[in-house]
Amino acid sequence: MFSTEFIAFDSCTPQKAVTNDDLSLLVDTTDEWISTRTGIRERRISEGENTSDMCIKVAKGLLKKSSVSAEDIDLIIVATITPDFATPSTACMVQSAVGAVNAFAFDVSAACSGFVFAAGIADKYIRSGMCRNAIVIGAETLSKIVNWRDRTTCVLFGDGAGGALLSRSERNCYIAEDMHSDGSLGMQLTGGEAKVRNAFADPEEPDRRYLEMDGRTIFSFATRKVPASIRTLLEKASLTPDDIDWVVPHQANSRIVEVVAKKLDMPPEKFFMNIAKYGNTSAASIPIALAQMSDEGLLKKGQKVIISGFGGGLTWGSAIIEI
Ligand code: COA
């Protein structure tokens, strides 16, 4: 049996920062409403850069930071619900762009839990001995599927990508995981529908192309499931909240994270937040946060970090990693 270590983190976000005041010129909203209900002050919005473009920058950054060569990458997984194409996968576009000729590559669709699920998959390939080095990226251009006339959703989301390079190691740095889905609640958060339209089928209803959600249901789902998942995770690892240095939650809403911290009786300072700057970037939010923490020297070797994602599907999942 082999073990997995996180070797490097990197991220890439579009240049254009859109503030709450900017959005108040598009829809009937205010900076006060958005920031008090969500903690978001601005988000990055693509002016043309697609999901694969950001993923390629992240993959190149990871190779540079880790000194692993492209030929030594065996696996590339991109977690996204906003790929450039249905096929080729975003991961295959990354493979070609960076010259990872020996890798197999595929995308994972698990919305805001995507990066956590994808890191879990990569860990299993490394643990089994099948792979030595894996690039795992969470990336979204949510601005493609946001309805810019709907104030209840367009203020929440942003674009960006982040990723990690995972390698076979003597150190076991993927300590425990807890993953779940509840498809019966799937219609509470939808986007990107493509109904059957062909020479023989012409449905009357339009596609539910844009992100739509029942915000209150998702809020209550997240504040119930995330603390339960983290408790299960700690039990599996025989650890207590005091053993954890950081929690890096999916950045959906700062109020959700406050409730989670309270329910777990953990100090809110242990929960890393950068939602004010990036909004909700779905699968990208956790790796963007990890890359920022790494770049700012907040992550130190030996620290234990919980990553916890939740969202569309509905899905939720957490893992304890050691830096
Ligand atoms: N600006 C101003 N007013 C807004 C608004 C906006 N951007 N969006 C909604 N409102 C209004 C609503 O129309 C409603 O008005 P009404 O009372 O006259 O009908 C009022 O604000 C309250 O709306 P409500 O939806 O009840 O607000 P809320 O307190 O539940 O907050 C969310 C809404 C979306 C911020 C909150 O439910 C949430 O964060 N849910 C979780 C969503 C999430 O994280 N999703 C992603 C998961 S990955």
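This is a predicted model: local features need pLDDT of at least 70, side-chain atom pairs count only at pLDDT 80 or more; totals for chains, interfaces and linings use all residues.
Local features were taken only at pLDDT of at least 70 and side-chain atom pairs only at pLDDT 80 or more, while totals for chains, interfaces and linings use all residues. Residues are numbered from 1 along each chain as its sequence is written, and side-chain values use heavy atoms, with hydrogens and water left out.

Empty space was examined first. Rolling a probe the size of a water molecule over the atoms shows where such space is left. On a 1 Å grid over the protein atoms alone, a pocket is an open set of points with protein on both sides within 12 Å along at least five of seven lines, and a cavity is a set of points where a 1.4 Å probe fits but cannot get out; lining residues have an atom within 4 Å of a point. Grid points are joined across faces, edges and corners, and a volume is the space filled by probe spheres set on the points.

The largest pocket has a volume of about 1100 Å³. Its lining is made up of 47 residues, and Leu156, Phe157, Leu189, Met213 and Gly215 are those nearest its centre. Two or more lining residues come from each of helix H2 (31–38), helix H6 (151–154), strand E9 (189–190), H7, H8 and strand E12 (304–311); helices (H or I, at least four residues) and strands (E, at least two) are DSSP runs numbered from the N terminus. H7 contributes the most, four residues. The lining of this pocket comprises 20 nonpolar, 21 polar and six charged residues, where Ala, Val, Leu, Ile, Met, Phe, Trp, Tyr, Cys and Pro count as nonpolar, Asp, Glu, Lys and Arg as charged, and the others, Gly among them, as polar.

One cavity of 30 Å³ or more was counted. The largest cavity holds about 40 Å³ of space, and its lining residues include Val226, Ile230, Val247, His250 and Phe310. At least two lining residues come from each of helix H7 (215–237), strand E11 (246–249) and helix H8 (254–264), with H8 giving the largest share, three residues. Nine of the lining residues are nonpolar, one is polar and none is charged.

Helix H10 (residues 285–295) is mostly covered, with eight of its 11 residues buried. Among them are Ile286, Ile288, Leu290 and Met293. Gly297, which follows H10, has a positive phi near 75°.

Five aromatic pairs were counted, a pair being rings of Phe, Tyr and Trp (its six-membered ring) with centres within 6.5 Å, stacked if the planes are under 30 degrees apart, edge-to-face if over 60 and tilted otherwise. The rings of Phe6 and Phe9 are stacked, because their centres are 6.1 Å apart and their planes lie at 20°. Phe6 and Phe9 are both buried. Phe104, Phe106 and Tyr125 form one aromatic cluster.

Technical notes: Buried means under 20% relative accessible area, exposed over 50%, partly exposed in between (1.4 Å probe, protein chains only).
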